[in-house]
Amino acid sequence: MPVKFNVHQAALVTLTLVLFLGTVYSVKNGTYLDTSDPLLTNLPHHLHKTDYFANKSNFLNVWFIKRAWGWTSFAFLFLWLTSPRHTQTLRRAFLWAVESLVWLAFTSWFFGPALFEQLTAASGGECTVFLPSGAFFAVPHEYCFTKSTLSALTHPSLFASPLLLPEDPWSTVPRLRRGHDVSGHVFLLTMSILFLADQLKPSLRAASWPAMHKWAVLSTTSLIAIWLFAIGTTSVYFHTPLEKFTGYLLGLAGYGLTLFF
């Protein structure tokens, strides 16, 4: 029997509630880390010894969140390729391509630096070099935009003589800090959850499923659940409330582009 349950609206309400409650908890209990603060960014999370998901090397972050769009794309393609023929439309593949371009524009390239980098720089962000001693200093933005490797040997004019550098060969890639560091995790997870929930609708409306498609629906539903859990851990442990909120809004906007088609 076709299912009338609106999975898309349920996903939107659930992720909004998870993000809101996690953010409230983080403010009330002081669990979040301001990832744009150069004094804190190279330090372990202050709860990394007691809270497993406060450690950036946790399995969820390493194996899932850092590869989020890859997992989302795999789930979609599995779902689409095994769908009943009448729901296997080119329009759905086109929407996935649109979302992939949105992901690339925000995280990799947008007529130059990624949009996230441009937003951080425009809001007062500094391209910051961190020294092994713990000291740091700002350099021109172009070094962050090009992800240049810097050292006292390759760029001597950038390193003031009083700075204590190690005797051994040393180099680093500067990072954008300060400014408004939009939560890329919240952005991408929000867009992924809404996109996958939307792609489930043709399956839930179908009267019957091919055998392999049942596994595709299960895989997609499981991935949405993982992304919701990841939204929760991010909202509790990382970024300021405003950075998470703007990531959420941009995720909604990124998904919203598909509504034009």
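This is a predicted model: local features need pLDDT of at least 70, side-chain atom pairs count only at pLDDT 80 or more; totals for chains, interfaces and linings use all residues.
**Annotated segments**

An unreviewed UniProt entry assigns the feature "transmembrane region" to residues 62-81, 93-111 and 217-239. For residues 217-239, the model shows 91% helix and 0% strand. The end C-alpha atoms of residues 217-239 are 32 Å apart.

**The chain as a whole**

The chain contains nine helices and three strands. Followed along the sequence, these elements give the pattern α-α-α-α-α-β-β-α-β-α-α-α. The C-alpha trace spans about 75 × 40 × 30 Å along its principal axes.

Of the 261 residues in the chain, 46% are buried. The chain exposes about 14,000 Å², and carbon and sulfur atoms supply 68% of that area. Among contacts with a separation of 6 or more, 74% are between residues 24 or more positions apart.

From its first C-alpha to its last, helix 7 reaches 33 Å, close to the 32 Å expected at 1.5 Å a residue.

Helix 9 consists of 16 residues, 241-256. Its reach of 22 Å between first and last C-alpha is close to the 22 Å expected at 1.5 Å a residue. The buried residues of helix 9 are Glu243, Lys244, Thr246, Gly247, Tyr248, Gly251, Gly254, Tyr255 and Gly256. Their cover includes helix 1 (7-29), helix 4 (90-107), helix 7 (184-205) and helix 8 (211-237).

**A buried proline in a loop**

Pro174 is found in the loop between helix 6 (142-145) and strand 3 (175-177). Is Pro174 buried or exposed? Its relative accessibility is 4%, so Pro174 counts as buried, the cut-off being under 20%. Beyond its neighbours within four places in sequence, Pro174 touches Cys127, Thr128, Val129, Val139, Tyr143, Cys144, Ser148 and Leu150. Thr146 is 28 residues away from Pro174 in sequence, while their C-alpha atoms are 9.8 Å apart in space.

Leu17, Phe20, Leu21 and Val24 make a nonpolar surface patch of about 390 Å². One of these residues, Leu17, is placed in helix 1. With a relative accessibility of 48%, Leu17 counts as partly exposed.

**Salt bridges**

Side chains of opposite charge can pair when their charged atoms come close. How many salt bridges does a search of the whole structure find? The search finds three, and the table lists them.

| Pair | N to O distance |
|---|---|
| Glu117 and Lys147 | 2.8 Å |
| Glu126 and Arg178 | 3.3 Å |
| Lys201 and Asp198 | 3.0 Å |

The salt bridge of Glu117 with Lys147 links distant parts of the chain, 30 residues apart. Glu117 belongs to helix 5 (residues 115-122), whereas Lys147 lies in the loop between helix 6 and strand 3. Glu117 has a relative accessible area of 16% and is buried.

Glu126 and Arg178 also meet in a salt bridge. Because Glu126 is in strand 1 (residues 126-130) and Arg178 is in the loop between strand 3 and helix 7, this pair ties together parts that are 52 residues apart in sequence. Glu126 is partly exposed, at 32% relative accessible area, and Arg178 is likewise partly exposed, at 36%.

The side chains of Lys201 and Asp198 form a further salt bridge. Both residues lie in helix 7, three residues apart, which is about one turn of the helix. An α-helix has 3.6 residues a turn, so residues three or four places apart point the same way. Lys201 is partly exposed, with 23% relative accessible area, whereas Asp198, with 15%, is buried.

Key:
Residues are numbered from 1 along each chain as its sequence is written. Side-chain values use heavy atoms; hydrogens and water are left out. UniProt positions are given in the numbering used here, feature names are shortened, and annotations may be inferred rather than shown by experiment. Helices (H or I, at least four residues) and strands (E, at least two) are DSSP runs, numbered from the N terminus. The expected span of a helix is 1.5 Å times one less than its number of residues. Buried means under 20% relative accessible area, exposed over 50%, partly exposed in between (1.4 Å probe, protein chains only). Contact means heavy atoms within 4.5 Å. Patches are made of residues with over 30% relative accessible area and no salt bridge: like charges are joined within 9 Å, nonpolar side chains (Val, Leu, Ile, Met, Phe, Trp, Tyr) within 5 Å. Accessible areas come from the Shrake-Rupley method with a 1.4 Å probe; for residues, only the protein chains shown count as cover. A salt bridge is a side-chain nitrogen of Lys or Arg within 4 Å of a carboxyl oxygen of Asp or Glu.
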